[in-house]
Amino acid sequence: MKISVIGTGYVGLVTGTCLAEVGNDVLCLDLDQSKIDTLKSGGIPIHEPGLLEMVQRNVAAGRLHFTTCIKESAAFGNVQFIAVGTPPDEDGSADLQYVTAAARNIGCHMTEYKVIVDKSTVPVGTADKVRAAVAAELAKRGADIPFAVVSNPEFLKEGAAIEDFMRPDRIVIGTEDVRAIALMRDIYSQFNRNHDRIVVMDVRSAELTKYAANSMLATRISFMNELAILADKLGADIEQVRLGIGADPRIGFHFLYPGCGYGGSCFPKDVQALIRTGLENDVTLKVLQAVEAANEAQKRVLLDKITARFGSDLQGMHFAIWGLAFKPDTDDMRAASSRVLIEGLWALGATATAYDPVAMQESRRIYGADARLTYADSPMSALKAADALAIVTEWKEFRVQDFAAIKAALKTPVIFDGRNLYAPSQVREQGIEYYAIGRR
Ligand SMILES: NC(=O)c1ccc[n+]([C@@H]2O[C@H](COP(=O)([O-])OP(=O)(O)OC[C@H]3O[C@@H](n4cnc5c(N)ncnc54)[C@H](O)[C@@H]3O)[C@@H](O)[C@H]2O)c1
C-alpha cells in the first residue's frame, strides 16, 4: 500500500518506519527542512532505541522516503496519516493549527480518493474540523473528490515505541465509513496477527479514548505521588504500600511508582486538554484538575527536599544532576521535571552539572551556553565539586552504584533521589544522607 505520513516526529517517524518495515511504500513529509536533511543523510532527528537501524534498512530497501514537498506527499499515499504536533495552547486546549494546516494541504493537492487518518492526539470534534478543512480546499478548487476521515490515536511510549507499534495492545479505529474501515484493517493486519486487537468505534469515542487512557495513567502517578508525601510524614514506606496494593488484580503493579512528577510531550498536555474540553462542555473534571495540580507540585519535590536540607539560599552551592530526559530511553525534555529543578536551583542562586546518556544535546538546545549549567561525560564526573546529587531520570546506568565513591566525590554526602532507585538502608550504611520519595 502507498502511505503518506505527515510529520516526522516521535510518532510520525515511528509510524512511517514500522509501516514500511511490513512492506508498505511510505513517504514521510515534514516541513522542517533540517529534520528531512538529517533523515536523507542517513541519521534520525530523535533518540529512539532501534529506530535508526530500522529507518536505514527500509530506506535501503526502497520502501521509505522523505520529503518536504506537500504536493508530492498529498499525491503519494491513498492513506494520509496526520502525525503533527498538538501542543498546548495558552488556555491548555490542544493547539490544532498544525493538524488543520496538514488537512488543508491534503485538500489543496489531492486528485483522487483519500483516507485521512488523525494519528495525532486531538480533542473530540477534530475529525469534523479536518473534514471541513479538506472540503473547503476542495470547494475552492471546484473539485468533487471523495475522502474519509478516521481517528486512529497512537498509544506508543517513547523509549519502547517500535515494540509498541509492532505489537500494540489495541488498535483503535474511529470511523463509520465502511471503505475506510476495510482499508485500515488491511494496513494493520500485519500488526494484528496473534489475535484481533482492532477496536472499531465511532470517531468521537476514538478521539476521547486517547485522552481517557493518558488521563488514567497520569491519575495513578499523581495518586501515588500524594500518598508518598503522606508516607514521608507518617514514617511509612511507599514501596511496601505499592507491593501491598499492586497485588490486587483490580489495581495491578503497573504504573504505581511515585517519583518527581510526570513530564513529556503527552501526559501534561493531554490532561490539560481534557480538563479544557470538560470546561467547554460545562463539565468540571475535578479528579483531573487535582491530578494536574498534584503533578505541578510534585515537579518541585526535589527542590523542596533540597531547601529543607540546605535552606532556601543556595547561593554558591553546586549540584550534580543525573538525568535530564523526562524518562529513560528518550532525549525528550518537553515538560521534564529536570527543567523545574534546574530553573529552581538557578532561582535560589545555585549552579549545576548534569549528566544524561542522550539528552544533553537537547538540553544545550534549550538552555544554550548558560554558564550555570554545565555537562559531564559520565555520572561520576558530574559529581566533581558538587555539594550534593539529585537524580531525576531512572536511566538503567544509575541503578547500580559504588556508594563509597559517590560519598568520596561529594562535598556533602547527600543524595536526593526523585526516582527511588536505591534501597535506603544500602545508601545510608555508606554514610550518605538519602532523601527519596516516600521511602523510610
Ligand atoms: N511523543 C509521543 O510519545 C506520543 C505518543 C502518542 C501520541 N502522540 C501524539 O502524536 C502527535 C505528534 O507527537 P510527536 O511527539 O511525534 O510530535 P513532534 O513535535 O515530535 O513532531 C511533530 C512533527 O510535525 C511536523 N509538522 C508540523 N506541521 C506540519 C505540517 N503541516 N506538515 C508536515 N509536518 C508538520 C513538525 O515539524 C514535527 O517534526 C501529538 O499529537 C502527540 O500528542 C505522541
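Trainee: How far from an oxygen atom of the ligand is the backbone N or O atom of Thr121?
Mentor: Bear in mind that this is a predicted model, where local features need pLDDT of at least 70, side-chain atom pairs need pLDDT 80 or more, and totals for chains, interfaces and linings use all residues. Residues are numbered from 1 along each chain as its sequence is written, and side-chain values use heavy atoms, without hydrogens and water. A polar contact here is a pair of N or O atoms within 3.5 Å (within protein, one must be able to donate a hydrogen and the other to accept it, and sequence neighbours count only if both atoms are side-chain atoms). For Thr121, the backbone atom's distance to the ligand oxygen is 2.9 Å.

Trainee: How many charged residues does the shell around the ligand have?
Mentor: There are 26 residues around the ligand (a heavy atom within 4 Å), and Asp30, Lys35, Thr86, Glu158 and Lys269 come nearest. Helices H1 (10-21) and H5 (97-109) each supply at least two of the shell's residues; helices are DSSP runs (H or I) of at least four residues, numbered from the N terminus. Asp, Glu, Lys and Arg count as charged, Ala, Val, Leu, Ile, Met, Phe, Trp, Tyr, Cys and Pro as nonpolar, and the others, Gly among them, as polar. The shell has 11 nonpolar and seven polar residues, and the charged ones number eight.

Trainee: Is Asn225 buried or exposed?
Mentor: Asn225 sits in helix H9 (residues 203-234). Leaving aside residues up to four places away in sequence, Asn225 touches Pro258, Gly259, Gly261 and Gln298 (heavy atoms within 4.5 Å), and its side chain reaches the backbone nitrogen of Gly259 at 2.8 Å. Buried means under 20% relative accessible area, exposed over 50%, partly exposed in between (1.4 Å probe, protein chains only). Asn225 has 1%, so it is buried.

Trainee: And what is the relative accessible area of Glu53?
Mentor: Glu53 belongs to helix H3 (residues 51-60). Glu53 counts as partly exposed because its relative accessible area is 46%.
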